[in-house]
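Dear colleague,

Please find below a structure that I am handing over to you, together with its sequence.

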Amino acid sequence: MNNQIIIIFQILCMLFLSSVAAFSQTERPKIGLVLSGGGARGAAHVGVLKILEENHIPIDMIAGTSFGAIVGGLYASGYSADELEKILENIDWQETLSNSAPRRQRSFRRKKDDDGFLIKFKIGYEDGDLKLPSGLITPNNLRLTLGDLVNNKTEVNDFDKLAIPFRAVATDLETGNEVILKDGKLASAMVASMTVPALFPPVELDGMLLVDGGVANNIPINVARNMGADIVIVVDISTPLLKKDDITSFASVIDQLTMLQSNKAASEQLASLTDQDILIRPDLENIGFIDFENAIDAVPKGIDAAKLVIDRLQNIRLANNDWDIHLAGRMPEAQQQPTIDFIRIDNDSDLSDDVIRSRLSLKEGQKLNAVELSADLTEIYGMELFEEVDYNTVSENGQTGIEIHTKQREDGEDYLRFGLAIQEDFEGESGFQLAAGFTNLAINEYGGEWQALFKVGQEFSLFSELYQPIDFKENFYVYTNAGGGKINRNILSDDTSGTILGQARISQFSFQVGGGRNLGNWGTIRIGLKRSFGDIKGRIGFADTSKISFDETNLTAELLIDTLDNTKFPTKGIVFEIIHENSLSFLGGDGNVDTIILASYKPFSWGKNTLGLRSLLATSFNGNPNETNLFPLGGFMNLTAFAPGQITGNHGGLLTAIYYRRISGGPQYLTEMPIYIGGTVESGNAWNNKDDVSLSSLKWSSSVFVGIDTIIGPTYLGIGLGSDGATAAFLNIGQIF
């Protein structure tokens, strides 16, 4: 009984404070906050909000554009300035501003697309036409991130019912007119306001194609006035126009175009300010429009700028009691997550709705967990079939449901990829590898796919695989593949001297059928039957007529685990592989050699530093191994001081410690190209006879390098020093991990 009395008393107190707050607002001028766009510079808005809160400055309505809409929308939903600062500190911009789901949430099949040094950029293919995306970044990750933040505070769709009434400004791409967003999904409105042309594709909302609000109205003072503001506090973080000598890159051209479009409208808005309005302009000279990784550095700049107008702010400051009443009126109501009575799938792809439904943890009859649902949608997005994956809460006939929306990628379900790898030792030995791949996704309702890969250069190969899930969740699958190619292998003496006796040319064709079990999105187990044909021909150091044919049947078993955050300069996760081939006489195979390969890589990171441990182990046993069973070493991170493939043997091992530190640039989103310095310490060897394997015969190598994460793949320039007087200078382009 006492508890009930206390609860009733608390409710009455809240109602009283809210009533007093409403009354108080009629006794003072209404204050509107206007937050301009300016990309990453918009973090300065948070610094201004901190000073406004410290000085008890009430905000009665907010109008924001672009990043100003994001800060304004989150503040309006109930976050404090301190909470917004923590959000900026913790947000992962590399994942948020990415064209794909975070790698750890991509399907394992899509992770394997990173293999083979293929360039990340994809070209869509549909109905015989090549299709390029309309923006460098799809905003799905940003929308889901903002959705999670908003759902923690509020579920309202009328922006007037937020803790602080709010408006986001976007631009109608068809007419160029400003569009004032005042209802709907808050996260979608914030994203629409921030879709910078060329960087983001236009957002379709309410039948309009919308882009960044800064194009039409970067400083929406008029919007705040129309909301009823008597006094406006304007925070202008727009970027000054660049001089000719500063327009030197793709990013600077985008900056300049955006600023040219928005400056005229901004000047007209600023001209409407009166003597009682307050204009705050943080000094953001060293923070760029797309410098999101360093956005947190703009917060102190906002604090400093707001302090410069502290005297004027005192005129609208609330007394302590009035401030407490104002805060009470801004408190968002506690959100009760609804029980979900039905789940509806709105799917425009060739996949069955059951493929999407099977990936949802939420079931009918359960309470909505918005964070869990967002994680599921991100994994669906990680299938890379969709440009957008989102949801709405709907009410029908007294029931509450969830409607999952998927929008097929605008560049189609099929795509082309290209790759490049170059090795140069500056001593006359060089090599290159070009690759092209085609992927045909969703060839049926279960999500079957066909892939083809072509390589030419040091290795010539053709490979094609058909992959078919046999259940909607893709737990189990079958596959068949075929491929062939040619490659050279050095032949070393049987002693441990490492003397190269000659070189053989191996030509091989194989086909395989099998099945597997996916282990979530972090691994897979595959078992297959592989049939191989080919010949081994002496190339250097052999008689011209020397040629050996082979015919093999192998049972293959693979365990593959991959949780790396990226394959270029990974900072967390792990890769682990076990591949075993067991020779069979079945189907007439004449081979009798078994092989095992184990490989792993594990990075450990702190700050901008990463230390990685890499291991390789391979062995051929039983029977009489031939040149197809040789394990090659040499090249960058594989005993760097030795030439690629210089060391070969039927048994081999390698242990490498890799260190790298990012010294420039942020993560590779937008147009950033991070630069690293690093080094390696490596030890290993390859032996023809297992009796020769010993620690005393290990070779060692070390290297120092500069690495750049480019759009065509990681590029490394460095030098290597190793045992036996081996030295190397190298330029490497292509995937290493």
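The paragraphs below describe the ring pairs and then the charges placed over rings.

This is a predicted model, in which local features need pLDDT of at least 70 and side-chain atom pairs count only at pLDDT 80 or more, while totals for chains, interfaces and linings use all residues. Residues are numbered from 1 along each chain as its sequence is written, and side-chain values use heavy atoms, with hydrogens and water left out.

A search of the whole structure gives 17 aromatic pairs (rings of Phe, Tyr and the six-membered ring of Trp with centres within 6.5 Å; planes under 30 degrees apart are stacked, over 60 edge-to-face, the rest tilted). Y446 and F472 are stacked, because their ring centres lie 4.4 Å apart with the planes at 0 degrees. Y446 is in the loop between β15 (430-440) and β16 (449-457), and F472, 26 residues away, is in the loop between β17 (460-469) and β18 (476-492) (strands are DSSP runs of E, at least two residues, numbered from the N terminus).

F636 and F705 pair edge-to-face, at 5.3 Å between centres and 80 degrees between planes. F636 lies in the loop between β25 (631-633) and β26 (647-649) and F705 in strand β29 (residues 699-710), so this pair ties together parts 69 residues apart in sequence. Ring pairs also link F636 and F705 into a cluster with F569, Y660, Y676, Y716 and F730.

As for charges over rings (NZ of Lys or CZ of Arg within 6 Å of the ring centre and within 35 degrees of the ring normal), K153 lies over the face of Y79, 4.9 Å from the ring centre. The charged end of R526 sits over the ring of Y479, at 3.9 Å from its centre.

With kind regards

Terms used. Helix = DSSP H or I, 4+ residues; strand = E, 2+ residues; numbered from the N terminus.
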